[in-house]
Amino acid sequence: MTISRRDVIKAGMAAGTTLSFPSILRAQTSSADARTVRMVKEDLRIFDPVVSTANITQEHGLAIYDTLFALDSNLIPQSQMVGKWGVSDDKKTYTFELRDGLGWHDGNPVTAADCVASIRRWGQVDAGGQLILGRAKDISKKDDRTFTIALKEPLGLLLDILASASGQFLFIMREQDANRPATEQVTANIGSGPFKFNEALARPGSSVTYDRNEKYVPRKEAPGAYAGGKTVKVDRVIWNNIADQQTALAALQAGEVDFFGPPPDLFPIVESDPTLDLQVLNESGNVAFLRMNCLQKPFDNVKARQAMLHLIDQEAMLRAMYGDPKYFRSVTSMFGNETPVSNKENTDWFREGGNPEKAKQLLKEGGYAGEKVVILQPTDWREVSNACQLLLATLRNIGVNAELAPSDWGGLVTRRSNKGPVESGGWSILISDWPEFAMGDPISNVLLSANGDKAWYGWPKNDEYEALRARWADVATLDERKALAREMQRSWWDFTGFVLLGQSVRPIAHRKTLTGLLDTPGGYLPMWNMAKAS
């Protein structure tokens, strides 16, 4: 089955909606350039991967920046920008030497000073980076290509943290950019990675363009996940922001774009089209969750947060979000379903269908007095938008004064940083998801921190839990970690740092002429290695 432009326009008219096909697509595809890949992506509004954990921002970082280490397909850290490294006999001092051929897009060489500044900036916001900075006695350069990290005590997870994809990648920036405060965005998109950002072709709200970095020197190892040789096999990649999902699918079928992440209700159309493939690039999938603003009423009260834990019907949420049960399953562990430390500690709150009466009781105990509850609704992320609408109805059914705050994802990403009350542009609830594999990593995954202002959006704070989390880096065996994970989970569900909605796997759609897409933990999409047949 093929959706024609006429079919989509008719459907839009029947629904009272005017659909438009971006003229930029018609202009771009007229050249039939086989070495240009066009992808439907959300609007890229925040370019700095230190300032935002949004997937689109981290993927922008993967394109233009490089990393010291990277995870391979077995989740093992591998050298990337680092050529050689060593550790002292007392395990307290690590020495790193950069490999040959590293250069910035502006023509200058990458130096150790760039690396030191980047680690210090990233370490202010990333959970694992915060641990490194807390244990570091000194981080400094020895010469232009060599730097050291001297620790007050051994940290066996150091390389794992430097390579982590569980929170924010440690992208190396120019020293002048990395010297900016971690709360202020860098103003230049200049990295040393395999792609260059094309400022001249940037169309805010419409499209961004990346060109192959002809001077990039990839490693010689085969690519695997985020590690190995980052060999770019196309000349240009364009990210088009097409908010309407059916319009985007029609463009994919017409060959005007090559890649699109469709919502589940469009999967059957993709599967029936012989020119398209539906492919899972992230086998472990993502865990969807509901995050509450712990700084403002009503969720500054733990009883109100616990009420949400009892209210949610995961089955209903998952069906609203993903439709077909073959793509989802329930989850009760804060560590996900499949990580080595997943457990059932303190999960008595889980009940099929939820428990709205218990939720009403807890809200009353928490002193809920009709305060407005604002749910951030991303209208261009259909699964989450559907979940927000179901949540709205569920909250209203138990007497909560709830309303939606609709915007595109870019607008949500901007608003979620507001810590103020809803009357001042703040928020109460947001729904998002996180890579399932990262749920087993409470050191680098900032979502699993509860250190107030340093935590992820929602800013939960619990000192008992944080004391347990601090022990994680020094636990030697898996059995010890499992025991610690049970203690952490008992504490987490008591203060309710988030509410789980379920686990899902989401395929992407691409034209069969697009090959070489890498399977990656977390689902962040690297653009190296992919090729396009004419």
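Helix axes here are lines fitted to C-alpha atoms over the stretch in contact, with angles running from 0 to 180 degrees between N-to-C directions. Everything shown comes from a predicted model, where local features need pLDDT of at least 70, side-chain atom pairs count only at pLDDT 80 or more, and totals for chains, interfaces and linings use all residues. Residues are numbered from 1 along each chain as its sequence is written, and side-chain values use heavy atoms, with hydrogens and water left out.

**View 1. Helix 11 meets helix 13.** Helices are DSSP runs (H or I, at least four residues; strands are E, at least two), numbered from the N terminus. The axes of helix 11 (residues 314-322) and helix 13 (residues 382-397) come within 7 Å, crossing at roughly 140 degrees. That makes the two oblique (under 35 degrees is roughly parallel, over 145 roughly antiparallel, 65 to 115 roughly perpendicular, the rest oblique). Touching residues (heavy atoms within 4.5 Å) include Met-317 and Tyr-322 of helix 11 and Glu-383 and Leu-390 of helix 13.

View 2. Rings of Phe, Tyr and Trp (its six-membered ring) pair if their centres lie within 6.5 Å; planes under 30 degrees apart are stacked, over 60 edge-to-face, the rest tilted. Of the 29 aromatic pairs in the whole structure, here's Trp-427 with Trp-459: centres 5.9 Å apart and planes at 45 degrees, so it's tilted. The pair ties together parts 32 residues apart in sequence. Both are buried (under 20% relative accessible area; exposed is over 50%, partly exposed in between; 1.4 Å probe, protein chains only).

**View 3. A pair inside helix 16.** Trp-492 and Phe-495 sit edge-to-face, 5.2 Å centre to centre with 65 degrees between the planes. They're three residues apart in helix 16 (residues 478-495), about one turn, and both are buried.
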